[in-house]
Amino acid sequence: MAQIGWWEADFKNQKYTLSEFIVDLLGLESDTIEFKDLHNLVHEDYRDKLREASLTLKNQRAYELIFPLYTKYGITWVLSKMEFSKNTEQDNLKSFGYIRCLNDIEVNEKKLSTRDELNKLLYRQISISHSLFSFLQTDDISETVQKILKDILMQFNGDRTYIFEILPERNIQSCIYEVTAENVSKEQEFLQNLPINQTSWWSQQILSKKAIILNTLDDMPAEAEYDRNILEPQNIKSLMAVPLLSKKGVWGYMGIDIVKRYRNWSNADYQWFTSLANIISICIELRKSEKKAKEERQDLNNLYRHMPMGYLQMQIVYKNNKVI
């Protein structure tokens, strides 16, 4: 009667396991179906979008999508949402969620909601272009990074945004940027040269290039007790943190904390947040490379200026008793 059923996604075997309700809805003979076969039951206009969302399901752990399915009743609009993911003992990622059939009123409401999301997406794309332009126009990126973090805080109505730098050779991490909302404590000066607990769930997620998306701290697995004991005293309700990547691997992470209420993060939230994190990461890494190249040029210039005059004279090279 609820018109709802569960699914389990097995990424190693590229198969879904479906509940009896979904099996009957789709007119299947088995409760397992390959990813590609289920995608083919999606209306043609939405297949590419679903494939992209499936990649999100594997890599970012945030997924909610509305689309029309070919069912035994014809075309049926459904809402598909992931509830949680876990790695099995064989290091195989499995995700679990549900599919719920929508009535006509819900479909119209969701379409209006989708239109609003598109408007937000357009605004966010403009925001990203402005951020890129700002990086190109300034020699000191600190002010630009702070502005981007402030914009993120305002758009998510968050309480704290921050960037941590990880120094693996010294096994420490430090908060290098922080922006807080009004009446929210600043923690940056206390978050310097902190040891990295390589065995903690948080560190393993970040160093494995995985995002951390928590609608509530209850979303944390049992093995994250160490990290939860750090977050709970800060009264954090929800948070999102994404790794910052360079050619050498993970060099840090960017995060946002929600303290005053709970927030259910959407896939659009994650995509926008990650896009800005990637922009910041690329620009910071480029500036580091520019600084290193400038220092190397300066070293060469100093070496040249202090070089003995004899080395500056033309040398005569003899080969087979001939001057060349």
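Mentor: Let's start with a definition: a polar contact is a pair of N or O atoms within 3.5 Å; within protein, one must be able to donate a hydrogen and the other to accept it, and residues adjacent in sequence count only if both atoms are side-chain atoms. This is a predicted model, in which local features need pLDDT of at least 70, side-chain atom pairs count only at pLDDT 80 or more, and totals for chains, interfaces and linings use all residues. Residues are numbered from 1 along each chain as its sequence is written, and side-chain values use heavy atoms, with hydrogens and water left out.

Trainee: What makes the Q188 side chain and the backbone oxygen of I176 a polar contact?

Mentor: A polar atom of the Q188 side chain lies 3.2 Å from that I176 oxygen. The cut-off is 3.5 Å, so the pair falls within it.

Trainee: Where is Q188, and which residues does Q188 touch?

Mentor: Q188 sits in the loop between β8 (172-180) and β9 (194-195); helices (H or I, at least four residues) and strands (E, at least two) are DSSP runs, numbered from the N terminus. Leaving out residues up to four places away in sequence, Q188 touches C175, I176, Y177 and E178, where contact means heavy atoms within 4.5 Å.

Trainee: Why is Q188 called neither buried nor exposed?

Mentor: Buried means under 20% relative accessible area and exposed over 50%, with partly exposed in between (1.4 Å probe, protein chains only). Q188 has 25% relative accessibility, so Q188 counts as partly exposed. N171, in the loop between β7 and β8, is partly exposed because its value is 31%.

Trainee: What is worth noting in the backbone of N171 and N157?

Mentor: Phi of N171 is near 55°, a positive value in a residue other than glycine. For N157, phi is also near 55°, and N157 lies in the loop between α5 (141-156) and β7 (160-167).

Trainee: How do you know that β1 and β6 pair?

Mentor: Two strands pair if DSSP finds at least two bridges between them. Strands β1 (residues 4-10) and β6 (residues 93-101) run antiparallel and are joined by 7 bridges, so they pair. In that pairing, W7 has G97 as its bridge partner. Strand β5 (residues 74-87) pairs with β6 too, antiparallel, over 9 bridges, and S80 stands opposite I99.

Trainee: What makes β9 and β10 edge strands?

Mentor: Their sheet is open, with 6 strands in the order β9-β8-β7-β12-β11-β10 and antiparallel pairing. β9 and β10 (212-214) each pair on one side only. Within the sheet, β7 and β8 are joined by 8 bridges, with L167 and I172 as bridge partners. α5 packs on this sheet, touching β7, β8, β11 and β12, and its direction makes about 65° with that of β8. Such angles run from 0 to 180 degrees between N-to-C directions, with axes fitted as lines to C-alpha atoms, for helices over the stretch in contact.

Trainee: What makes a group of residues a nonpolar core?

Mentor: The members are buried Ala, Val, Leu, Ile, Met, Phe, Trp, Tyr and Cys residues joined through side-chain atoms within 4.5 Å. The largest core here has 31 residues, and I152, I163 and M254 have the most contacts inside it. α8 (267-305) is among the elements that give two or more residues, and α8 gives the most, with 9. Among the residues M254 touches are L149, I152, I163 and F273. A second, separate core has 23 residues, including I33, L38, V42 and F67.
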